[in-house]
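Please read the following report alongside the sequence and the 3D structure.

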2 protein chains.
Amino acid sequence: MTGYGAVPASVGEPAEMWRFGTRGKGLRDSVIRALTKQLAGRTGLVSFAGGMPSPLTFPDAAVASAFEAVMRQDSKAALQYGPSDGYPPLRQWIAESLSSASVSIGADQVIVTSGSQQGLDLLGKVMLDATDTVAVETPTYLGALQSLGLYATGFLSAPTDGLGIVPAAFDALLSRASGAGRQCKLLYAIPTFQNPTGRTMPLSRRTELVTLCARRRIPIVEDNPYGELDHEGRRHVPLLELGEGNVAYLGSFSKVLSPGLRIGYVVAPRPLARKLELAKQASDLHTCSLTQRLVFEIVRDGFLAHHLESCRALYGANAKAMTAALARHLHGLAEWAEPSGGMFLWLTLQRGLDATALLERALAANVAYVPGAPFYADSPDHRTLRLCYSTAQRDSIETGIAALGRVLKESTDAIHHSSTPGRLA
Amino acid sequence: MTGYGAVPASVGEPAEMWRFGTRGKGLRDSVIRALTKQLAGRTGLVSFAGGMPSPLTFPDAAVASAFEAVMRQDSKAALQYGPSDGYPPLRQWIAESLSSASVSIGADQVIVTSGSQQGLDLLGKVMLDATDTVAVETPTYLGALQSLGLYATGFLSAPTDGLGIVPAAFDALLSRASGAGRQCKLLYAIPTFQNPTGRTMPLSRRTELVTLCARRRIPIVEDNPYGELDHEGRRHVPLLELGEGNVAYLGSFSKVLSPGLRIGYVVAPRPLARKLELAKQASDLHTCSLTQRLVFEIVRDGFLAHHLESCRALYGANAKAMTAALARHLHGLAEWAEPSGGMFLWLTLQRGLDATALLERALAANVAYVPGAPFYADSPDHRTLRLCYSTAQRDSIETGIAALGRVLKESTDAIHHSSTPGRLA
């Protein structure tokens, strides 16, 4: 038996045979991937490192009834090839759910994707060339940097504060970039309960940003996986409603139903939607016929309204538990804003502390987080880190944050000692 | 209410806002897509234009039992995010099913994809730059031209005969291309029951081809969706077993279980498998957790052995019915080879007939096929067309082929008349 991969030297080693392209060479393991693998199977550790919705929110019973209904009504179609742009009733439902008094979305503007991550990939594929520059928030979703970074190599990191992109500063940055010959091709933004920071742009700033981008003719890709997870159930106006043809919108059922079903969607102006449909066909023909029907069967009669209440209640309670624990254990060691929705909380450690460097100690103390650095397109703030509160048990939150507090306290003490003349930490 | 897509002229039309990249500009509707849309909802027409497995082969009952088992044992994991490379037990099963006396595949060489179409996309993403040249069979799978063509713009159309690529002629072509400065980066081939021609390479030629590619250091992408559909159940040795590290293999459950579940896979040498895993993560994070488990639950205990017998029997009988009808109605009007597996039959019309030009007349006569031209990377043979016999009813095959025969007969008569001096057809 010959081991696959072993090639006689005379015909060349496999590594020599398989010469990767530019994109292939650039693909690297991320810090988060490495961390996830390191944590897999570890027990006794409290992890705030994930980015997953709580399995407590997964609607097992609704999935089971939907499966029965789909197979009874439509089993052959659910198992057959389907259209590249998606299952028509689901596209219609999505279009209606996004239409409002101020915007009217047609089903022909909706392309169903394998999660909204695929929407990013398709947009990159259709819109970007290697020499293009994409503007992103500071910091931003790592998966967008990875996905769009395979198509365009330049990022412009838009200045932000606790309320998201600062329009005037972004405008000035665009002028400087343009002066240096870099035109911005797209803006990618997560205006509501952003990953990783949890922050949300207020309406006035959304309007300013959309106006600025329209004036500069920069189309916006709005990613909105967390928009319905306001802990108090408040509605946040998507840029899509303000953007008038200047916004492509990425939505997902991953955070509100189940990520394992991989059902997301892109809503785009019609000429772009047609290109995305063709790119979707070339990429994987179409999204799973069965799971598209499952999701439609679940949501068609208003299931989400009640279901979202329980998601919001769980995440709101977890967020409160985490901020209370932070106040108890990290007072003076870090700063944070209380999240009002989504799944994430962003910490900025006090001066002198480095979240990447401290991760090993945190893991030794049985608590995990994601260092903030990988979320920056450039110039990372090494004092930042992301905590995810969606999946943790309430008592684990207390244990984990207490452990994190001890690690930070010890490290702070070590800094102070080492900075005292004549003493070594 | 503002119609989404309508932008005040002062801030630029959407079409102006959304400037597509090179790939986006190049994406065009295919003849097959246009045809599929034209046929949708038409009744009374016999279509041999599809490329879908018969819904009669879909294992509804097995899918339903698998769903029950998965949800009972593992519902939360089936609805949660999963690893980018796929569900480990399914990867293990795939590795074992492909291992033989002559090749040993590890689960770490398997990446589960959303159909094997996505395997093509990931390979293109990782391996190809815009200036690269990819060799393909003459003709080849249109979806591969579309998918790989988004990453590499040059194709080399390898000379073929009824048994697939002719190694000596391919070698000569590679020398000429190389002399003109075009190095071939990859060979994409479907050696078994090819789409569109239905032909299969004999073992001797497979060995020659693999040896030739190894000598020239050209890695092979072997696409094998139909390999298990030999009408008599014969086994065809995949290039993977002969290639020793020089072959990436695309497999799929689409033609043997259900295409709607979108479960395919790539098997690759380890360094390439790691790159594909990262490209998969950037593309859509991972393939559906639920449907991966459904497929594993169905196939784990040997379901396919018995199931494939019924698929083979159905397709074999349909192929026989079609070749019998062709002999009755197309004698002297076209040539074809009797297929021994898969879903397709390839027709070459007699001199003077053009399959693209005749399609309208065929549709008017209530029979549909796919013209052969779009399957050629260059210099199409306009006399060719593809017939799919998997989904047609036995009596429709007779009706449809008879109609096609009448259309060809009338057109042939018209040619003969028009070539008679002094007469107009």
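Asp413(A) forms a salt bridge with Lys409(A), the closest N and O atoms being 3.3 Å apart; the term denotes a side-chain nitrogen of Lys or Arg within 4 Å of a carboxyl oxygen of Asp or Glu. Because Asp413(A) and Lys409(A) are four residues apart in helix H15 (residues 394-418) of chain A, about one helical turn separates them. Over all chains, a search of the whole structure finds 36 salt bridges.

The model is predicted: local features need pLDDT of at least 70, side-chain atom pairs count only at pLDDT 80 or more, and totals for chains, interfaces and linings use all residues. Residues are numbered from 1 along each chain as its sequence is written, chains are lettered from A and ligands numbered from 1 in the order in which they are written, and side-chain values use heavy atoms, with hydrogens and water left out. Helices (H or I, at least four residues) and strands (E, at least two) are DSSP runs numbered from the N terminus.

**Contact between the chains**

Chain A contributes 109 residues to the contact and chain B contributes 108 residues, contact meaning heavy atoms within 4.5 Å. About 9200 Å² is buried between chain A and chain B, and carbon and sulfur atoms give 58% of this area. Buried area is the accessible area (1.4 Å probe) that two parts lose on being put together, summed over both.

Six salt bridges are found across the interface of chain A and chain B. In a salt bridge of 3.6 Å (N to O), the side chain of Lys37(B) meets that of Glu277(A). There are also 52 residue pairs in polar contact between chain A and chain B, both residues being at pLDDT 80 or more. A polar contact is a pair of N or O atoms within 3.5 Å; within protein, one must be able to donate a hydrogen and the other to accept it, and residues adjacent in sequence count only if both atoms are side-chain atoms.

On the side of chain A that touches chain B, helix H11 (residues 270-284) of chain A gives the most, with eleven residues.

**Sheets of chain A**

An open sheet of seven strands in chain A has the order E3-E11-E10-E9-E8-E4-E5 and mixed pairing; two strands pair if DSSP finds at least two bridges between them. Strand E3 (110-113) and strand E5 (154-158) of chain A stand at the edges with a single partner strand each, so one side of each is left without a neighbour in the sheet. E3(A) runs antiparallel to strand E11 (residues 264-267) of chain A, and four bridges join them. Within this pair, Val110(A) stands opposite Val267(A) in E11(A).

Chain A also has an open sheet of four strands, ordered E12-E13-E16-E15, with antiparallel pairing. Its edge strands are strand E12 (334-336) and strand E15 (370-371) of chain A, each pairing on one side only. Three bridges link E12(A) to strand E13 (residues 344-349) of chain A, and Trp336(A) stands opposite Leu347(A) in E13(A).

Helix H13 (residues 303-329) of chain A lies across E12, E13 and strand E16 (384-388) of chain A, running at about 15° to E13(A). For such angles, axes are lines fitted to C-alpha atoms, for helices over the stretch in contact, and angles run from 0 to 180 degrees between N-to-C directions.

**Backbone geometry in chain B**

Most residues other than glycine have a negative phi, and most peptide bonds are trans.

| Peptide bond | Form | Omega |
|---|---|---|
| Thr138(B) to Pro139(B) | cis | near -10° |
| Asn195(B) to Pro196(B) | cis | near 20° |

Pro139(B) lies in the loop between strand E4 (133-137) and helix H7 (142-148) of chain B. Pro196(B) is in the loop between strand E8 (184-189) and helix H9 (203-215) of chain B. Arg217(B), although not a glycine, has a positive phi of about 55°; its place is in the loop between H9 and strand E9 (220-223) of chain B.
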